[in-house]
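Visitor: I would like to go through this structure with you, one question at a time. Could you show it to me before we start?

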Amino acid sequence: MTNPSASDWAGPKEELGRHIAEEANKTLNSYREQPKLVTEHARVETDTVHGGYAHRQLFELIQNSADALFPDAETETLDKVSREQNEGRIAIHLTENHLYCADNGEPINQEGVEALMFSRLSPKRATGQIGTFGLGFKSVLGISNAPEFFSRSGSFRFDSKRSRKRIQEVVPDATNFPALRLPEPVDPTIYRDEDNVLRGFVAWATNIVRLPLKPGGYDDLSLQMRDFPTEFLLFVEHVQTLMLTDSSSDIDRTMNLEKVGDEYHLGDGEATRRWKRFERMHQLSADAQTDRRPGNE
């Protein structure tokens, strides 16, 4: 986890931005060669929005940020001082027009971008991270037609109208169109300069998701924010602070987790409760192991 300066953000012509543009062009070429992929990809997104991920956008975004903060093999060895200086932090800010989700975890990389573009390509396998299938982010299409992802390593946006136009150029007969397959690299400074909330996050965050909201999106998200369980932090102890703010209502929640001895002290701004967490390893039966997804060693 790092503390970037406001100017330490890669532009669209740098390495990750070039990779994003190349991957989008490859996808477009695949549609030209096999038009049926357009319908398949569109249906995957529709099924995600209206299936088990409906009304879970806030939860999925916070999970993704928690994953970005998850300590890998190198950061697991950080000493106590280093961890205190790099407190895992997630901030959610809701306005009538946008939802923001910011964290100070590892900047997104090529694998992370591809996990957002495709389905079931998430790099998270056999770890303590929460997500696995890489489908959760697609739930944001229930509240936004143009999700944006700003990261210190590179920034990009999706746009359902732009995707439709580009796909129609190669598949004129298409009737359904995916929105999250053709990302466009962007210059984060342009967006930062016109958005005060985004500018505040750029000062400390490494990853920021900004969602321009569909009509009705605000009301659903405000309810999700009000009902979000504080106990979530108990299962992601690498996240010390989670802030939820709705600038159009009275919601302003700050949740903190601190480990004290063998206890976890969980605060929600009103009270601090003490918890103990117990872990138990369970050995799968031979039959259960045969049903395990390949690659989960």
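Predicted model: local features only at pLDDT ≥ 70, side-chain atom pairs only at ≥ 80, totals over all residues.

Visitor: Which residues is Thr-95 in contact with, leaving aside its neighbours within four places in sequence?
Guide: Thr-95 sits in the loop between strand S1 (89-94) and strand S2 (98-103); strands (E, at least two residues) and helices (H or I, at least four) are DSSP runs, numbered from the N terminus. Contact means heavy atoms within 4.5 Å. With the neighbours within four places set aside, the contacts of Thr-95 are Tyr-100, Leu-213, Tyr-218, Ser-247 and Ser-248.

Visitor: Which are the edge strands of the open sheet?
Guide: The sheet has 10 strands in the order S5-S4-S3-S6-S2-S1-S7-S8-S9-S10, with mixed pairing. Two strands pair if DSSP finds at least two bridges between them. Pairing on one side only marks the edge strands, strand S5 (184-186) and strand S10 (272-275).

Visitor: What is the bridge partner of Leu-244 in S8?
Guide: Strand S7 (residues 241-246) and strand S8 (residues 252-260) run antiparallel and are joined by five bridges. In S8, the partner of Leu-244 is Arg-253.

Visitor: How many Å apart are the end C-alpha atoms of helix H1?
Guide: Helix H1 (residues 15-33) has 19 residues. The expected span is 1.5 Å times one less than the number of residues, so H1 should span 27 Å. The model agrees, as the end C-alpha atoms of H1 are apart by 27 Å.

Visitor: What do the buried residues of H2 pack against?
Guide: The buried residues of H2 are Val-38, His-41, Ala-42, Glu-45, Thr-48 and Val-49. They cover an arc of only 125° around the axis (taken from the directions from the helix axis to the C-beta atoms), which puts them on the same side of H2. On the other side of H2, Lys-36, Arg-43, Asp-47 and His-50 are exposed. The buried residues of H2 pack against H1 and H6.

Visitor: How many residues apart in sequence are the parts that Arg-152 and Asp-8 tie together?
Guide: A salt bridge is a side-chain nitrogen of Lys or Arg within 4 Å of a carboxyl oxygen of Asp or Glu, and Arg-152 forms one with Asp-8, the closest N and O atoms being 3.5 Å apart. Arg-152 lies in the loop between strand S3 (148-151) and S4, and Asp-8 in the segment before H1, so the parts they tie together are apart in sequence by 144 residues.

Visitor: Which residues do salt bridges that share partners join into one network?
Guide: Let us begin with Arg-157 and Asp-159, whose closest N and O atoms are 3.2 Å apart in a salt bridge. Arg-157 and Asp-159 are both buried. Through shared partners, salt bridges join into one network Glu-148, Arg-157, Asp-159, Asp-195 and Arg-210.

Conventions:
Residues numbered from 1 in each chain as written. Heavy atoms only, no water. Buried < 20%, exposed > 50% of the residue type's maximum accessible area, 1.4 Å probe, protein only.
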